[in-house]
Amino acid sequence: MSTLLEVKDLRTRFHTPEGIVYAVNGISFYVAEGETLAVVGESGCGKSVSMLSVLQLIPVPPGEIAGGVALFRGQDLLKKSEREMEAIRGQEIAMIFQDPMTSLNPVLTIGRQITESLRIHMGMDQNAAEARTVELLEMVGISDPSHRLGDYPHQFSGGMRQRVMIAIALACNPSLLIADEPTTALDVTIQAQIVELVTKIRNQVHMAVIWITHDLGVVAGIADRVIVMYAGFIVEEASVNALYENPRHPYTSALLGALPRMDRRRDRRLKSIPGAPPSLLVEPHGCPFTARCEFTIERCKTENPPLTPVGQNHHNIACWVDIKTGAPR
Amino acid sequence: MESTTSQIASLSPDDLETPPLNLSQLAWQRFRRHRPAIIGLVVLTLLVLYALAGSLFFSEKYANFNDTSLRLQAPSAEHPFGTDSIGRDVLARTIYGGQISLLIGLTAVVVETFLGILVGALAGYYGGLVDSILMRITEAMLNIPEIFLLIVMAKYFGGKIPELDVFGRTFSGSVVVIVLIIGVTSWMYLARIVRAQFLSLKENEFVLAARATGTRNIEIIFRHILPNSVAPIVVSATLGVANAILAEAYISFLGLGVQPPTATWGNMLDGANNYLESAPWLWFFPGLLILLTVLSINFLGDGLRDALDPRGRTV
């Protein structure tokens with residue numbers, strides 16, 4: 001599999017009245033063609049911001065992409081002009097968002113919103129675009145699509161709106177779909193349907209997916225590989241099996257410990273991670289997880305560990321300690 | 001029996017389903033319940049009919065025909081609204097004056113709305129430096145009293161545009177000047193409304209979603225965000241019509257507006273100001289028509305405000 005998107009040392013900051021927010025601090029990752037990469041981490045750890053940065057969708061100012069490259073098929077997206085990015089967004093890389101209630105325009109019909117990107121990117125006329133739209137709505141499981149083109153978003157339920165969002169994203173056959181917590185606002189049964197739908201379509205059209213979530217249950221069902229983010233850093237990168245069976249970073253291990261599981265005794269309380277994530281207003285020194293970590297050694301407080309390989313298959317972690325022994329690595 | 005089942009079976013989803021109400025239908029249902037607005041709409045329609053259909057009964061020539069021997073006659077069977085200081089028929093003049101006044105009201109609002117949306121949308125969407133520059137200009141314009149701006153501009157530009165022929169009628173060039181002047185001096189409030197709308201609407205996720213689909217900024221501004229702020233714009237534009245008619249009346253009353261013989265309700269009032277007590281019919285009829293028009297437009301605007309408010313979801 002060849003690499004589709006390769007991000008190196010991406011840094012994003014926001015200049016706010018309170019000071020500089022260090023949202024993304026030099027992350028590197030890649031996605032291969034047709035592969036599904038899950039990005040997990042708690043709220044505010046930089047998952048969404050890093051993906052929005054890649055598409056140049058963060059507001060500048062106050063945002064600033066302070067460094068790094070994002071090579072998409074060998075071309076650096078961060079160096080492209082707004083006009084060049086417009087041609088890539090929606091066509092090569094599509095994105096779906098967390099809240100289907102707000103990400104559709106309430107005063108435009110569903111048909112208008114889907115045909116729009118077809119007309120922009122594929123240069124289709126109204127009839128061709130409408131035919132394709134009906135096809136897309138059918139594909140995402142909207143029944144009787146030709147009668148629903150003239151409907152407004154408020155006539156759709158949450159799950160159906162997310163299906164419409166997916167149809168918009170898929171309109172131009174993108175090679176990469178970035179899904180920013182697409183199931184968070186939906187209830188569990190609808191979540192399962194959406195996950196299944198994206199998986200099915202991904203296999204049909206051989207599309208790579210970056211799935212941002214904080215739901216580790218969803219990750220297990222959909223992803224090939226996972227990156228775990230904390231305070232704007234990637235702390236662990238592994239194949240999905242390696243991550244669940246053999247987490248090597250204290251944060252990942254703590255996250256999995258906080259997850260309810262069917263095969264665990266139910267009379268015990270779930271373990272929570274003490275403390276709160278560090279303030280992103282301070283330029284980080286040392287490992288950002290130190291304050292909440294049970295394995296902290298002296299070195300953690302002064303030096304931030306780089307992402308280094310452990311074991312095979314691109315299993316990388318950023319930690320000075322081997323959590324199995326508690327000894328420095 | 002058999003025929004009923006086959007009938008049911010042949011019904012397509014189109015036949016079974018009552019089509020859902022779209023946004024304008026919902027708005028109309030709410031508007032219908034607003035009694036003053038309906039009255040306003042009816043009165044306004046009658047006034048427009050009065051101004052348009054009246055010209056079938058009187059020619060413009062008749063409206064401008066003067067016979068000083070008939071000057072200042074009180075209302076009578078022959079001249080139901082009386083005659084003015086040079087013997088012209090007031091009824092015919094209110095009809096032709098009405099056409100000009102309503103025309104000025106509507107076209108001045110088109111100019112106003114165009115400028116207001118342009119300035120407000122660009123300032124609100126782009127923010128930063130663009131916003132600062134456009135809003136300082138807006139505030140500067142707001143700080144000068146509008147009536148003063150109107151008078152200075154009317155004085156400066158008045159009479160510079162030759163007469164125009166539109167649809168076989170001759171308009172004094174001053175009509176165009178007045179329309180532009182009123183438009184140019186009244187867009188500021190609308191610009192502020194539109195800017196405020198854009199500031200909040202552009203933070204919506206659907207704007208981010210549109211950008212993520214590769215939609216160009218100009219399309220996002222005019223095709224995604226603008227339709228969402230149509231309610232306050234329509235309301236403001238409606239009220240703008242009333243203001244424009246009043247503004248025309250001010251400057252015409254001061255003798256700087258549309259020049260006679262072209263009649264407007266405003267310059268008819270100007271002609272009346274020496275005869276306030278001796279010939280009250282001179283100011284009563286054009287004054288009443290202005291009052292009715294402005295009042296009914298304001299009621300209409302009120303009704304539209306309630307009908308188009310997206311928070312009022314109840315039908």
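Predicted model: local features only at pLDDT ≥ 70, side-chain atom pairs only at ≥ 80, totals over all residues.
Reader: Which residue in β8(A) is the bridge partner of A:T36?
Author: A:T36 has A:V209 as its bridge partner there. Residues are numbered from 1 along each chain as its sequence is written, with chains lettered from A and ligands numbered from 1 in the order in which they are written.

Reader: What makes β6 and β11 of chain A edge strands?
Author: Their sheet is open, with eight strands in the order β6-β7-β8-β3-β9-β10-β12-β11 (chain A) and mixed pairing. β6 (93-96) and β11 (308-309) each have a single partner strand, so one side of each lacks a neighbour in the sheet.

Reader: Why is β11 of chain A called a strand?
Author: A strand is a DSSP run of E with at least two residues, a helix is a run of H or I with at least four, and numbering starts at the N terminus. β11(A) spans 308-309, so it meets the strand cut-off.

Reader: Which strands does β1 of chain A sit between in the other sheet?
Author: That open sheet runs β2-β1-β4-β5 (chain A), with antiparallel pairing, which places β1 between β2 and β4.

Reader: Which residues does A:L176 contact, leaving aside its neighbours within four places in sequence?
Author: They are A:L4, A:L5, A:V31, A:E92, A:I93, A:M207, A:A208 and A:I210. Contact means C-beta atoms, placed from the backbone, within 7 Å.

Reader: What makes a group of residues a nonpolar core?
Author: Its members are buried Ala, Val, Leu, Ile, Met, Phe, Trp, Tyr and Cys residues joined through C-beta atoms within 7 Å. Buried means 20 or more other C-beta atoms within 10 Å of a residue's own (12 or fewer is exposed, in between partly exposed). The largest core has 113 residues, and A:A167, A:L176, A:I210 and A:V235 touch the most other members. α5(A) gives the most to this core, eight residues. A second, separate core of 52 residues includes B:L91, B:I178, B:V235 and B:M268.

Methods
Pairing = 2+ DSSP bridges. Contact = placed C-beta atoms within 7 Å.
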